[in-house]
Amino acid sequence: MKIPFNIPYLTGREEEYFLAALKSRRHCGNHAFGQKCVELMKHKYGFHEVFLTPSGTAALEMGCLLADIGPGDEVILPSYTFSSTGNAVVLTGAKPVFCEVDPDTMNADVRHMASLVTPRTKLLLPIDYAGIPCDRTAVNALAKKHGLSVLVDAAQSIHSFANGKPCGADEDMAAFSFHETKNLGCGEGGGLVVNRPEWVERARFLQEKGTDRSLVLSGVRSKYSWVDKGSSFLLADLLAALLLAQIEDVEIITNKRKKVAAAYHALYGPYEKAGALRIPHPPAGADCNGHAVFVIFDTAANRDRFLALLREKDVHAYIGYLPLHSSVMGRCHGCRPEDLPLTEDLAARIVRLPLYTDLADTGLDHCVEAMQTVLQAMYGTA
Ligand SMILES: Cc1ncc(COP(=O)(O)O)c(C=O)c1O
């Protein structure tokens, strides 16, 4: 039996909603299905405003434009993240400044982040890796102390909570991804949450190619014109139809994924106690959405051996991110691998386990058994 890294989940209502969107003859952004998605997210999570975008990448780019960063400004983000987080910064001309991670979560080490603040810092851009909420209390306190804005890359953390507050609700802005690899997917899609009321009108301009078309739609203007920067940051209603079905089932999806995550924690926990590896330790008060489970092996060689042995059993884990600071682009921005030794070390030893919603119902026992056999061959019985 093959266990791939990911299989997109279907609720069973996607076809019906997609056909309804198709037949509506209103296929572009901000139509009926998109509006329903936005209202549902605002209702469930208390977000002030949500803008559906063509991807999580686009949501990050729109967020960086809204934060009004540009040449001469600095943005602090973890190096252990996807290229999109870094690109959103460099596309504005601002400088990315990379910080270390906390090995318990692989999220930004906020103390290190604080040590990197300079008079040029304008934005903090932490991520919620594996659906584990970053330390928002510390990030928001740091931002407040220095008058900075906060954009959380929440690509992986829809329906995760920190101290009872949904990810996305407690920061200036959050960028979600609805890519097929995420808990909720519509192929390619994203959403920018804007919690600063005074930024909402400008966000509408940015989303609509820098025009004030939204004022025409609301009857304030008769003609629209080019008033700001912007791009085409809209999700087609055809895709929003798929997304709506997924948002409606977010609790079912999350519970299934949590079941898989719990099985992995039960398997790997004893090996952590024996000193062979480390597993995630979300902070107190975190309720994680089961997006992903990572394992940090004792050595890079054992990480590679684990991946190879597991692949022989047709179970497909993945190495995770290559750090941004030591990438080709990171070096172009003046970073050196030795700047962040902890990130370099952890990235060489980390594995992301296969985790998709349907695995909870089909294949989980087989997958855990295969992993157990590999772990026993490598480390003996824990
Ligand atoms: C942390 C993070 N940021 C941004 C993205 C980009 O999202 P998308 O693929 O929807 O553009 C991803 C997707 O993998 C991600 O994991």
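Predicted model: local features only at pLDDT ≥ 70, side-chain atom pairs only at ≥ 80, totals over all residues.

Let us begin with the ligand. Where does the ligand sit? It sits in the largest pocket. Around the ligand there are 17 residues, and the closest of them are Gly56, Thr57, Asp153, Ser177 and Lys182. Sorted by class, this shell has ten polar residues, five nonpolar ones and two charged ones.

α3, residues 56-66, and α4, residues 83-90, each supply at least two residues of the shell. Which helix gives the most to the shell? That is α3, with three residues.

Now to individual atoms. Asp153 places a polar side-chain atom 2.7 Å from a nitrogen atom of the ligand. At Gly56, a polar backbone atom is 2.8 Å from an oxygen atom of the ligand. Tyr321 also takes part, and here a polar side-chain atom lies 3.0 Å from a ligand oxygen atom. As for cover, the ligand on its own has 390 Å² of accessible area, and the protein covers 91% of that.

The second topic is the sheet. In general, the strands of a sheet pair through backbone hydrogen bonds, in either a parallel or an antiparallel way. The sheet I want to show is open and has three strands, in the order β12-β14-β15, with antiparallel pairing. Its edge strands are β12, at 277-278, and β15, at 350-352, and each of these pairs on one side only.

How many bridges join β12 and β14? There are two, and β14 covers residues 294-297. If you want to find the pairing on screen, look for Leu277, whose bridge partner in β14 is Phe297.

Notes. Residues numbered from 1 in each chain as written. Heavy atoms only, no water. Near = heavy atom within 4 Å. Polar contact = N/O pair within 3.5 Å; in protein donor to acceptor, adjacent residues only side chain to side chain. Areas by Shrake-Rupley, 256 points an atom, 1.4 Å probe, with all protein chains shown as cover. 1 Å grid on protein atoms, 1.4 Å probe; cavity = no way out; pocket = protein on both sides within 12 Å on 5 of 7 lines; lining within 4 Å. Sits in = over half its atoms within 2 Å of the grid points. Helix = DSSP H or I, 4+ residues; strand = E, 2+ residues; numbered from the N terminus. Nonpolar A, V, L, I, M, F, W, Y, C, P; charged D, E, K, R; others polar. Pairing = 2+ DSSP bridges.
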